[in-house]
Amino acid sequence: MLELVFLVVFCLFVAVQPTWSELRFEGAKVFRMKPNTEEQAVFIKHLAQKVMMDFWFPESVNKVAQGMTADIHVGGDSVLYVENHLKYSGIDHSIFIDNLQDQIKSQFDRVLRSAEVYDYEKYNDWDKIVSWTEHIAATFPSLVTRTEIGKTFEGNPIYLLKVGSRQDQSKPAVFMDCGIHAREWISPAFCQWFVKEATNTYGSDNLMTTLLDNLVFYVVPVLNVDGYIYTWTNDRLWRKNRSKHPSSSCLGVDLNRNFDAGWCKLGSSKNPCDETFCGSEVESELEVKALANFIRTHSDIKLYLTIHAYAQVVIVPYCYDYKTTPHRNELNEIAKGATRALASLYNTKYNYGPGATVLYPASGVSEDWSYDHGIKYSFTFELRDVGRYGFLLPESQIRPTCKETMLAIKYIAKYLLDHPY
């Protein structure tokens with residue numbers, strides 16, 4: 001029946017393929033839809049073959065399933081076409097971003113305090129972040145050192161900040177990366193906030209002081225530098241890196257599908273044009289290889305944290321498989337405690353659990369690789385929100401998001417101190 005409806009509506013409305021290379025998103029909308037039957041889920045997949053859709057959640061049309069809520073960005077020229085398909089198919093749906101271009105503008109809702117002061121409550125472009133990494137290391141030389149762990153496809157440096165007191169001493173380490181996916185701007189904002197809090201509260205905040213005295217934090221503020229730059233200059237909603245492929249004109253690899261953890265199986269794509277393209281081989285991407293090589297050569301790393309958005313969930317292994325890890329119960333308890341700590345500030349509700357079950361299957365992700373590499377405490381944070389703004393979280397929410405997330409990160413780091421291995 002839905003196939004017939006699809007053909008009828010297709011005759012009435014001509015689909016126009018939007019081109020994401022254009023900088024403007026006037027008239028584009030983000031739909032939230034929920035297929036309540038398997039037939040409706042298949043219908044959405046057919047619809048995606050006719051109209052270019054940018055899947056915000058889940059990350060790929062192939063992951064759409066019965067009972068799952070899907071957030072999908074549709075270009076302005078195709079909105080009417082999609083609305084009528086959804087209406088005739090009977091799929092439950094709503095529009096939570098009515099004009100995408102307006103929302104992109106609205107995310108910058110905070111006035112710059114001063115050109116002389118680095119503003120952690122604004123989104124900062126790559127040039128500002130580079131200057132900040134240099135400044136923060138120069139300002140707090142006893143707490144922060146900056147190193148370059150590799151280059152991106154386009155030759156940009158991948159910087160790492162080593163944060164902690166008595167850096168010459170051997171201590172357990174925490175590795176935290178931000179900005180694997182370019183459009184998730186709240187992620188790099190949090191890594192910057194974390195370093196700010198670590199340096200500014202050392203000596204006054206008892207827990208932070210204890211953590212920095214007894215642990216080392218390796219922080220990568222932006223891993224996907226090329227993609228992040230591109231979201232500022234060309235396409236705000238770009239996700240992948242910017243590498244080229246000899247067999248396709250489509251650019252980029254999903255860096256969080258390129259790790260050696262069930263590589264290119266569930267939840268990944270071999271199509272270079274897809275958002276979840278896994279790459280030509282394991283660690284084909286320079287950014288992934290830089291991160292993996294650093295971790296491989298630093299056996300002191302006992303806790304791995306990777307920061308993403310959006311979904312409000314703390315994820316434990318595995319994402320690439322439904323099998324239970326030997327540490328499932330302990331990791332779930334840690335994640336539970338972290339979400340409680342986070343919620344204690346603004347009552348923000350987070351879910352937690354294995355990625356394959358609390359979100360959807362995804363292979364080749366960094367958290368699973370780090371766990372399989374021997375880092376027992378491996379977690380992914382999906383920060384705010386749950387779809388009101390999606391990837392376009394306003395600057396006014398940077399402060400509350402980072403403050404509550406700090407409580408969760410400090411909780412997990414303290415757990416590592418109390419339960420070494």
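This is a predicted model: local features need pLDDT of at least 70, side-chain atom pairs count only at pLDDT 80 or more; totals for chains, interfaces and linings use all residues.
In soluble globular proteins, nonpolar side chains tend to be buried together. The largest nonpolar core here holds 108 residues. Leu100, Phe175, Phe217, Phe379 and Phe381 touch the most other members. Helix H13, residues 398–418, gives the most to this core, with nine residues. The contacts of Phe175 include Leu160, Tyr218, Val220 and Leu291. Phe294, Ile295, Ile301, Leu303, Tyr304 and Leu305 also touch Phe175, with residues up to four places away in sequence not counted.

Across the whole structure, 19 salt bridges were found. One of them joins Asp71 to Arg32, with the closest N and O atoms 2.7 Å apart. Asp71 belongs to strand E3 (residues 70–74) and Arg32 to strand E1 (residues 29–34), 39 residues apart. Asp71 is buried, at 2% relative accessible area. Arg32 is partly exposed, at 26%.

Asp54 and Arg183 form a salt bridge at 3.1 Å, N to O. Asp54 sits in strand E2 (residues 53–57). Arg183 sits in the loop between strand E7 and helix H6. The two residues are 129 residues apart, and both are buried.

Arg257 and Glu59 also meet in a salt bridge, at 2.1 Å, N to O. Arg257 lies in the loop between helices H8 and H9 and Glu59 in the loop between E2 and E3, so the pair ties together parts 198 residues apart in sequence. Both residues are buried. Arg257 and Glu59 are linked with Lys63, Arg239 and Asp254 in a network of salt bridges.

Notes: Residues are numbered from 1 along each chain as its sequence is written. Side-chain values use heavy atoms; hydrogens and water are left out. A nonpolar core is a set of buried Ala, Val, Leu, Ile, Met, Phe, Trp, Tyr and Cys residues joined through side-chain atoms within 4.5 Å. Buried means under 20% relative accessible area, exposed over 50%, partly exposed in between (1.4 Å probe, protein chains only). Helices (H or I, at least four residues) and strands (E, at least two) are DSSP runs, numbered from the N terminus. Contact means heavy atoms within 4.5 Å. A salt bridge is a side-chain nitrogen of Lys or Arg within 4 Å of a carboxyl oxygen of Asp or Glu.
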